[in-house]
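Q: I have a two-chain model on screen and want to learn how to read it. Can we go feature by feature?

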Amino acid sequence: MGICKRAVLSLVRKKGKAILLFLIFFLVSALLLTCFSILDGTRQAARDLRTKIGAVFYIRPYTQMTMENGTVSEGSTPTISRQSMEEVIAIVGEELRAYNTEHYGYAKSDRLRFLPGTGDSEASNMGQVTAVRYSKLTDVFLSEEYTLLAGRHIEPQDKNKILISAELAAENDLEIGDVIPLTHAGLDQRDGLYIDTIPEKTAFVEAEVVGIFQCTNSQDSPDAPTAGKSVNHIFSDSHLLVNLQEQQDGIYEGEIAFYISDPLELEHLLEQVKAVDSIDWENHILRENDFQYEQIAGQLQSMQNTALSLIVIAAVLSMAALMLILMIRMRSRIHEIGIYLSVGKSKAEILGQFALENWLVLTSGFCLALLLSVLCSELLNQSLFGILTEATEIAALQTGGKSDYLNPEFLRSVLLFFGESCAVLLTVLASSMMTLALKPKEILTKMS
Amino acid sequence: MNLLEFYDLKYSYNGQQNILRGVSGKLEQGKLYAILGPSGCGKTTLLSLLGGLDIPTSGQILFNGKDIRKTGLAAHRRNHVSFIFQSYNLIDYLTPMENVALTSKLPPLPVLERLGLTKEESKRNVLKLSGGQQQRVAIARALASEAPVILADEPTGNLDEDTAWDIAKILKESAHQMNKCVVAVTHSNELAKQADLVFRLKKGELIMQ
């Protein structure tokens, strides 16, 4: 009779013991699967949360001021080239979600009457232009100082498109889709008067209004000139300022923002960005913003630590209990071992039978545990991670898309099963060897 | 021809208590041997040594002229000898047929029927059989194996007189009809009466009667 048949007969004929062992294996497997699912779930949730929140770093230019003979003089405006930007983009790699550039200029138009500010005149009736890749990612829109009322934001593929304020649109009877001629301008103050530093106009652009915004929370200084008033602010794409000869193609004066997926990567990336030689670090600073992530990082970490501690405790306790039970069970089979030895069965055959019996029970217990954890994962997911969503007050973990954080991973489950199998086989080996290491006669003496 | 020979076997516990003091003998196929002696005289120890369950302190055991320690004790147990114990030592979750099948690939029912078990009894759990029936199953298991030597340790010790007599007869028939070398350690005079040769183990020495 082969070991397979003996193993099956032993399990079938000793149903009580087999069922008890099955329940133990099932409980241990279910506990470990749940713990690992929670740990994986918290890791995945944390990753999703971080990605949703993201982080941003800015390369901000600042102009050096020098003082000579009691006179303060301003240095030249620092710029960043497209080549430097591409180096940074290469460093950020797959973590990059978006980047935004800013460049500033002025524009005026025969068809546009800007809302007058301090010292308004025909010459100074102009608006400030901020040329960007994404207008929605500028500070004023992110902080909701400005809100988009109609149309859409400026996007990277745009050419000669503009966003204007609702007040400016009303003043000039402009609507979405209207095209207006713009020309270049420069603002300076001379003898207390604001003047246009480019009186001879050589550059003209037909710009299309694609969006209208409302200046909700902005507060202008009472003595702001026309171009300094928020309502006269124009957002455009970079092409517009290049076409108006106020920007060199591929050269940026303003702050450049890089939006990344994982806030945990921020520090490491900043280290690498600081090493980019083509950026003039004498006149640029790196600024980071992961405030949102920092707010919830503690909660996330403590949740992951709790899950990890629970897993370690559960794994150690359950494996210890399992091994103890198996040892007791194996030692109670000394009589059987003695008989098998006396009828000429080899130690390997005896061990093989016991190992196979336990492995068969483990496999069935594990399969049931896996099936239940798959079926229950959605319910648990809702109760565990739904709470997290409310606690962090963000929409990152709301259902939709892949949100079942507790669904057991295939590879993890296979590894867990492999680990449990090894533990069971080692326990069977260790406990049986304690008996099998004895001389056959000693076993028979113990039997009787 | 001598199947099993043993020369000058000595056995002691912890090098102090001498259980066997130079025991020698030659056993042939087709004979039933009985070894008698008081409790603690070393009968079971001698049987264990002959069956390769233990190693003598000194001396030599030959099977078909070959030293069993050189051919391997596990192989000796597997191929040359089979055991019958006083407490039957059957696997409790198997039927008589399955217990017999542990040692033989041949159909177990004819052996069991020859020893008096019905077909229905042969398919019952062994724990549901009487002591005598369980010992018959143990004998059937020993007979079914191809091992030419059967070592029986007090095979009738737990049985009533009538059953013991039956078992003794079965062992004798097995030796004679199946050409087995049966060595039975016993207190039973009935069994000794059935034996072809009787040895007495006294003060660690084996004396032929």
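A: We start with burial. A residue counts as buried if 20 or more other C-beta atoms lie within 10 Å of its own, and as exposed if 12 or fewer do. Keep in mind that this is a predicted model.

Q: What percentage of the residues in chain A are buried?
A: Buried residues make up 36% of the 448 residues in chain A. Chain A holds 12 helices and 17 strands. Take its contacts between residues at least 6 apart in sequence: 84% of them join residues at least 24 apart.

Q: How do I read the class between buried and exposed?
A: A residue is partly exposed when its count falls between the two cut-offs. A:Pro156 sits in the loop between strand S8 (146-151) and strand S9 (161-165) of chain A. A:Pro156 counts as partly exposed because it has 13 C-beta neighbours inside 10 Å. A:Lys52 belongs to helix H2 (residues 15-53) of chain A. A:Lys52 has 15 such neighbours inside 10 Å, so A:Lys52 is partly exposed as well.

Q: How far apart are A:Lys52 and A:Ser261 in sequence and in space?
A: They are 209 residues apart in sequence and 7.3 Å apart in space, C-alpha to C-alpha. For A:Pro156 and A:Thr101, the values are 55 residues in sequence and 9.9 Å in space, again C-alpha to C-alpha.

Q: Which residues of helix H3 (residues 82-92) of chain A are buried?
A: They are A:Ser84, A:Met85, A:Val88 and A:Val92. These residues lie on the same side of H3(A), because they cover an arc of only 100° around the axis. A:Gln83, A:Glu86 and A:Ala90 are exposed on the other side of H3(A).

Q: What covers the buried residues of H3(A)?
A: The cover includes strand S4 (80-81), strand S5 (96-100), strand S16 (256-260) and helix H7 (266-274) of chain A. Look just past the helix, too. There A:Gly93 takes a positive phi of about 60°.

Q: How do I read strand pairing?
A: Strands of a sheet pair through backbone hydrogen bonds, either parallel or antiparallel. Now the case in chain A. Strand S11 (residues 187-190) and strand S12 (residues 193-196) of chain A run antiparallel and are joined by 4 bridges. A:Gln189 has A:Tyr194 in S12(A) as its bridge partner.

Q: How many residues lie between S11(A) and S12(A) in their hairpin?
A: There are 2 residues between them. A:Asp191, in the turn, has a positive phi of about 55°.

Q: In what order do the strands of the open sheet in chain B run?
A: The order is S6-S7-S8-S3-S9-S10, with 6 strands and mixed pairing. S6 and strand S10 (205-208) of chain B are the edge strands, and each pairs on one side only. From one strand to the next, the twist averages 20°.

Q: In which sense do S3(B) and strand S9 (residues 197-202) of chain B pair?
A: They pair in the parallel sense, over 4 bridges. B:Leu36 stands opposite B:Arg200 in S9(B).

Q: Which strands does H7(B) lie across?
A: H7(B) lies across S6 and S7 of chain B. H7(B) runs at about 180° to S6(B).

Q: Which residues of H8(B) are buried?
A: They are B:Ala164, B:Ile167, B:Ala168, B:Ile170, B:Leu171, B:Ser174 and B:Ala175. Seen down the axis of H8(B), they fall within an arc of 160°, so they line one face of the helix. They pack against strand S3 (31-36), helix H7 (131-144), strand S7 (149-153), strand S8 (181-185) and helix H9 (189-194) of chain B. On the other side of H8(B), B:Glu161, B:Asp162 and B:Gln177 are exposed. Just after H8(B), B:Asn179 has a positive phi of about 55°.

Q: How many residues does each chain give to the contact?
A: Chain B gives 18 residues and chain A gives 16 residues. On the chain B side, helix H3 (73-79), strand S6 (81-84) and helix H4 (96-101) each give two or more residues. The largest share, 3 residues, comes from H3(B). By type, the chain B side divides into 8 nonpolar, 5 polar and 5 charged residues.

Technical notes: Residues are numbered from 1 along each chain as its sequence is written. Chains are lettered from A and ligands numbered from 1 in the order in which they are written. This is a predicted model: local features need pLDDT of at least 70, side-chain atom pairs count only at pLDDT 80 or more; totals for chains, interfaces and linings use all residues. Two residues are in contact if their C-beta atoms, placed from the backbone, lie within 7 Å. Ala, Val, Leu, Ile, Met, Phe, Trp, Tyr, Cys and Pro count as nonpolar, Asp, Glu, Lys and Arg as charged, and the others, Gly among them, as polar. The arc is that of the directions from the helix axis to the C-beta atoms. Two strands pair if DSSP finds at least two bridges between them. Axes are lines fitted to C-alpha atoms, for helices over the stretch in contact, and angles run from 0 to 180 degrees between N-to-C directions.
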